Amino acid sequence: MECATDSTRMPPEGQGGARPICLVGMMGVGKTTIGRQLAAALGREFVDLDHVIEARCGVRIATIFDIEGEAGFRRRETATLDEYTRRSDLVVATGGGAVLAEENRRMLSERSCVVYLRAGADELYRRVARDRNRPLLRADDPRQRIVDLLAQREPIYESVAAVTLDTGDQPVAQVLRNLLPLLPAQPAAPAPLTAVQAPLTE
Ligand SMILES: Nc1ncnc2c1ncn2[C@@H]1O[C@H](COP(=O)(O)OP(=O)(O)OP(=O)(O)O)[C@@H](O)[C@H]1O
Ligand SMILES: O=C(O)C1=C[C@@H](O)[C@@H](O)[C@H](O)C1
Ligand SMILES: [Mg+2]
């Protein structure tokens, strides 16, 4: 799937500007870390949807899962994705499971340029092993959980992505250097409509 730059694929409420770049991929692949640096490199605002949800709820994601279940978290995720994919000039780090709902995939591919950051299970496990805020990894065997989730999600990430980048075990700065040339040129913001319309003549 290509990142179209024609006006029909601009965010519906966008007043010009470039469609958001949305990073998708597994927990720990680096969406937050790479996303923040990508935004700085492109002069865009960075938004992390997990962080927006946490800030709005006033609790960590693990607590949202405890209180509302995964379904409650997913409803919040869809609402937040809907809001931010309508905005322009952003780099958006999505949650690892944001691609699971068909509705979310449609928003992502219709309104944004989707970048899939991928890594193998061993690398992912190394990166998240010490972090306790990932409720889906509260399992007897978290490494196996990553293997299973990756197998289930990989085709879904690929189906929605316009750009796929294997991060391998490369450091963050190198991942960013590899990513920048893969991004399609973003459309420039159209000039504001200032022309005075000529009066209609009979
Ligand atoms: N390319 C990289 N090389 C080494 N460490 C990395 C790399 N990318 C990210 N990390 C580290 O891996 C950990 C997870 O990264 P990050 O939080 O950015 O992942 P994420 O994709 O946002 O995960 P989640 O979906 O759970 O929010 C962090 O400690 C980060 O510093
Ligand atoms: O992979 C997932 O389903 C998740 C990843 C995180 O980013 C959070 O959105 C949450 O922990 C769920
Ligand atoms: Mg993150």
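Visitor: What pattern does the protein follow along the sequence?

Guide: From one end of the sequence to the other, the pattern is β-α-β-α-α-β-α-β-α-α-β-α. That makes seven helices and five strands, where helices (H or I, at least four residues) and strands (E, at least two) are DSSP runs numbered from the N terminus. The model is predicted, so local features need pLDDT of at least 70 and side-chain atom pairs pLDDT 80 or more, while totals for chains, interfaces and linings use all residues. Residues are numbered from 1 along each chain as its sequence is written, with chains lettered from A and ligands numbered from 1 in the order in which they are written.

Visitor: Why is T32 called partly exposed?

Guide: T32 has 16 other C-beta atoms within 10 Å. A residue with 20 or more is buried and one with 12 or fewer is exposed, C-beta atoms being placed from the backbone, so T32 falls in between and is partly exposed. In the protein, 33% of the 202 residues count as buried.

Visitor: What else is recorded or computed for T32?

Guide: An unreviewed UniProt entry places the feature "binding site" at T32; such annotations may be inferred rather than shown by experiment. T32 lies in helix α1, residues 31-42. Apart from neighbours within four places in sequence, T32 is in contact (C-beta atoms within 7 Å) with D48 and A93.

Visitor: Which residues come nearest to ligand 1?

Guide: G30, K31, T32, T33 and R127 do, out of 19 residues around ligand 1; a residue counts if its C-beta atom lies within 6 Å of the ligand. Helix α1 gives the largest share of that shell, three residues, and both α1 and α7 (172-179) supply at least two.

Visitor: What makes up the shell around ligand 1 by class?

Guide: The shell has six nonpolar, nine polar and four charged residues. Ala, Val, Leu, Ile, Met, Phe, Trp, Tyr, Cys and Pro count as nonpolar, Asp, Glu, Lys and Arg as charged, and the others, Gly among them, as polar.

Visitor: Which residues are around ligand 2?

Guide: They are M27, D50, I61, G95, G96, G97, R134, P135 and L136, which divide into four nonpolar, three polar and two charged.

Visitor: How do helices α2 and α3 pack, and at what angle?

Guide: Helix α2 (residues 49-57) and helix α3 (residues 61-85) pack at about 120°, with axes 9 Å apart. The axes are lines fitted to C-alpha atoms over the stretch in contact, and angles run from 0 to 180 degrees between N-to-C directions. Residues of α2 that meet α3 include L49, V52 and I53, and those of α3 include I64, L81 and Y84. The residues of this contact divide into eight nonpolar, one polar and four charged.

Technical notes:
Two residues are in contact if their C-beta atoms, placed from the backbone, lie within 7 Å.
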